[in-house]
Amino acid sequence: MSGNGDEFPEFGDVTSILRNGPSDVTDETPPPALWERIEAELASGSPVTTLADRRARRGIAGPIVVGIAAALLLVALPLGLAWRSSTGEPDRTVELAALDAFVGAGSAELDGRELRVETTGLVQEEGSSYELWLLDLDNGELSGLVSLGFIEADGTYVIDDDVDLDEFSVVDISVEPNDGNPEHSGNSVLRGELVA
Amino acid sequence: MHERPQPLIAAALTVFEGYPRTVGATLEDRLLAGDDTALRELFNEFSPMVLGLARRLVGAEAEDLAQQVFLDAWRSRHRFDPGRGSLGAWLTGITRFKAIDHWRATGRRPSIPSAEAGVYEATEPDVDQVVDQLVLTRALEQLPPVRREVVELGFYHDLTHPEIAEKLRIPLGTVKSHMRRGLESLNRELGASRER
């Protein structure tokens, strides 16, 4: 007996699994239909997914996106002014009011394609997060929504260029269970409409 | 909108608007940034492994399970933490828990045991053992060659550390450090595949 593993009690699970030898599970090439089914299921899901998560949500993604953004700034800086003025976005503000039984208040200010959001009175509960959305409401009917990411301390959110702010003009903050489901939970806490 | 930009400006805008999918970001980065091309790439790279594993774990239901795994991976992509393990270990972990859920839902044994169940047995395998073994086999393949050989000689061929040192013509101390670091890497991957 070699006694291998006895010297590494902290890796007990690893060493006992290794003693069973290599896995005999073999790869299996999927039929093309498998990807098609995945695509179809995603397409039938929420309209949120394409724009959701543009902002990094947490963990290591933050520095990566900041790094990319910083690198881009170098390229974009000399062009930035022309680009910004050409969008012609009017600056708008909104007061966010609490819905239903929720408490809290807030405000948001649009500057170009950046939305600065401040909130007060939102209670951070374990297992849930607050997420910022832009809603397209036609006479109170929801016809589209995009996620701008989870509410974070810095409070500034970038809106994608393909989002028309005349349509997606309602700022909404929802409470979302931390369950990995990117769709709107349906529980809106604060809401208000952007006005010039 | 604005006038058709000059080529240089167009390039800068393209980079800006699509930033998660440009700038040579890794698959991990793009997945975390919500770039939907990352899912296709994830599928291309890992679906043979996931489908092969699913085949072993749930037999004829393998394709349904693999579909669920990739949809779940996409929807919970913000939970992937590159600091805790590889994408492969994360995906095998998702497959593990989907298979456990599958057997929990269908019951431990088929209601009518049949010899004609087909090529695949319709009885519950030891899901954890199958997944653990595959995770470690794949993790071993990712180790630097000498480190991999040290671990394989020690555990698959049951050689002692002095025997390994002699066979590979490296100092005993080097064998021990390769062994420890190798086991650390495997332990990390195993841990990542066990996180729900």
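1. Over which residues of chain A does pLDDT stay under 50? The stretch is residues 46–88 of chain A. The model has 63 contacts beyond four places in sequence for these residues; a contact means heavy atoms within 4.5 Å. The score pLDDT is the predictor's confidence in each residue, from 0 to 100. Where pLDDT is low, the predicted coordinates should not be read in detail.

2. Some ground rules come next. This is a predicted model, in which local features need pLDDT of at least 70 and side-chain atom pairs count only at pLDDT 80 or more, while totals for chains, interfaces and linings use all residues. Residues are numbered from 1 along each chain as its sequence is written, chains are lettered from A and ligands numbered from 1 in the order in which they are written, and side-chain values use heavy atoms, with hydrogens and water left out.

3. Now the confidence of chain A. Its mean pLDDT is 73. Of its residues, 72% reach 70 or more. Confidence is highest in helix α1 (residues 12–18) of chain A, at a mean of 93. It is lowest in helix α3 (residues 61–87) of chain A, at 41. Helices (H or I, at least four residues) and strands (E, at least two) are DSSP runs, numbered from the N terminus.

4. Next, the largest nonpolar core. It has 41 residues. Such a core is a set of buried Ala, Val, Leu, Ile, Met, Phe, Trp, Tyr and Cys residues joined through side-chain atoms within 4.5 Å. Buried means under 20% relative accessible area, exposed over 50%, and partly exposed in between (1.4 Å probe, protein chains only). Both chains contribute: α2 (32–44) of chain A supplies at least two residues, and so do α2 (27–32), α3 (37–58), α4 (62–75), α5 (87–106) and α6 (127–142) of chain B. The largest share, 12 residues, comes from α3(B).

5. Take B:Leu42 as an example. Leaving aside neighbours within four places in sequence, B:Leu42 touches B:Leu27, B:Leu31, B:Ser47, B:Phe70, B:Ala73, B:Leu87 and B:Leu91.

6. Salt bridges deserve a check. Over all chains the count comes to 22. The rule asks for a side-chain nitrogen of Lys or Arg within 4 Å of a carboxyl oxygen of Asp or Glu. In one of them, B:Glu41 meets B:Arg30, with the closest N and O atoms 2.6 Å apart. B:Glu41 lies in helix α3 of chain B and B:Arg30 in helix α2 of chain B, so the pair ties together parts 11 residues apart in sequence. B:Glu41 is partly exposed at 33% relative accessibility, whereas B:Arg30 is buried at 9%.

7. Which residue forms a salt bridge with B:Asp128? The partner is B:Arg96, and the closest N and O atoms are 2.8 Å apart. B:Asp128 sits in helix α6 of chain B and B:Arg96 in helix α5 of chain B, so this pair ties together parts 32 residues apart in sequence. B:Asp128 is partly exposed, at 36%. B:Arg96 is buried, at 1%. Both belong to a network of salt bridges that also links A:Asp13, B:Asp132 and B:Arg194.

8. Strands pair in chain A. Two strands pair if DSSP finds at least two bridges between them. Strand β1 (residues 92–98) of chain A and strand β8 (residues 188–193) of chain A run antiparallel, joined by two bridges. Here A:Ala97 has A:Arg191 as its bridge partner. Strand β7 (residues 170–177) of chain A also pairs with β8(A) in the antiparallel sense, over five bridges. There A:Ser174 partners A:Ser188.

9. Last, the aromatic rings. There are four aromatic pairs over all chains. Rings of Phe, Tyr and Trp (its six-membered ring) pair if their centres lie within 6.5 Å; planes under 30 degrees apart count as stacked, over 60 as edge-to-face and the rest as tilted. The rings of B:Phe43 and B:Phe70 have centres 5.1 Å apart and planes at 65°, so the pair is edge-to-face. B:Phe43 is in helix α3 of chain B and B:Phe70 in helix α4 of chain B, so the pair ties together parts 27 residues apart in sequence. B:Phe43 is buried at 4%, and B:Phe70 is buried at 1%. Ring pairs link these two and A:Trp35 into a cluster.
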